[in-house]
Amino acid sequence: MYEKYGDYSEESFTDLYDYLPIYSQRDDINFYVEWANRLDKDVLELGCGTGRVSIPIIYTGVNVIGLDYSMPMLKKFKSKLEQEEWDIAERLSIIRGDMTNFRLNKKFGLIILPFRPFQHLISVEDQLKCLKSVRDHLTTDGYFIFDVFNPNPERLLSPAFGPVIDIPRFEMSDGKMLTRTSRVLKSHWKDKWNEYEFLYEIEDLNGIIKKIVQKTTMRYFHVEEIELLLDMAGLKILELYGDFDSSPYEPNSPEEIYVAGIK
Ligand SMILES: C[S@@+](CC[C@H](N)C(=O)[O-])C[C@H]1O[C@@H](n2cnc3c(N)ncnc32)[C@H](O)[C@@H]1O
């Protein structure tokens, strides 16, 4: 059931996740933490990964449930949790599941989907299944907050994008050197999704280079399409930001950050 999502099922990649600066230094954490703090309600994080966002949220004092389908990502999350004090760790539950089809028998005042997992849902059917599951788990006054990147028209028009070095050589905390090169393998123009390949080259202290290839797919969304999808799932946009400093969405904003609620 989980094999179709090949990329996050590989330990070799998930081992790297927390090391990569474009992930670990992403400036979205305060945004999500502030919403959790302000609402002070139980939080459900879909596509929680290694707990990059969930763990800082538990420190606001709320309870968090993290859901993800990837065993290796959840394994990393669990090992990070084991390093936390018990009164922090006990406020967090981790569930293995698919965000397009889950049933938790509980409603939440805040459901979050940070750092673009929604873009891994290629078909409209899966997107709607995810949004309808969200609606079923949201309290009537609850908030659903998620982000996708604002599609870059140049990339959309040049399907043979890359290869480019998007993570220049840097030293990881274990002394190994890492470089990442990315490229678009195939562009599905009509259905607005791309197949990506990321090549990680990791050089150890003896100069031996190990290569890891990660493949992933990303769907592109424009605002009016998200608006329509939310509407079809019984949800509506309450607020729309263009970046994690809560600036309003503009055509050239880097992100589309949706705050949605029940229609
Ligand atoms: C870019 S990571 C984001 C992880 C985390 N939210 C963060 O901000 O660091 C995407 C995550 O979405 C998860 N994911 C993708 N599709 C999923 C699905 N259908 N159901 C559950 N998790 C999914 C992946 O396993 C991965 O952990």
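Contact, as the word is used in these exercises, means heavy atoms within 4.5 Å. The structure is a predicted model, in which local features need pLDDT of at least 70 and side-chain atom pairs count only at pLDDT 80 or more, while totals for chains, interfaces and linings use all residues. Residues are numbered from 1 along each chain as its sequence is written, and side-chain values use heavy atoms, with hydrogens and water left out.

**Exercise 1. Describe how domain 1 and domain 2 meet.**

Step 1. Begin with the division of the protein, whose bounds come from an automatic or database domain assignment: domain 1 covers 6-150 + 221-262, and domain 2 covers 153-219. Their C-alpha centres are 23 Å apart.

Step 2. Turn to the interface, where 20 residues of domain 1 are in contact with 19 residues of domain 2. The buried area, which is the accessible area (1.4 Å probe) that two parts lose on being put together, summed over both, is about 1800 Å², and carbon and sulfur atoms give 63% of this area.

Step 3. Look for salt bridges, each being a side-chain nitrogen of Lys or Arg within 4 Å of a carboxyl oxygen of Asp or Glu. The rule finds 2 salt bridges across the interface of domain 1 and domain 2. By class, the side of domain 1 that touches domain 2 has 12 nonpolar residues (Ala, Val, Leu, Ile, Met, Phe, Trp, Tyr, Cys and Pro), 5 polar and 3 charged ones (Asp, Glu, Lys and Arg), with the others, Gly among them, counted as polar.

**Exercise 2. Which residues are closest to the ligand, and which atoms approach it?**

Step 1. With a residue taken as near when one of its heavy atoms lies within 4 Å, 21 residues surround the ligand, and the closest are Tyr17, Gly47, Arg52, Asp68 and Tyr69.

Step 2. Consider the side chains: an N or O atom of Arg52 is 2.8 Å from an oxygen atom of the ligand, and a polar side-chain atom of Asp68 is 2.6 Å from a ligand oxygen atom.

Key:
A polar contact is a pair of N or O atoms within 3.5 Å; within protein, one must be able to donate a hydrogen and the other to accept it, and residues adjacent in sequence count only if both atoms are side-chain atoms.
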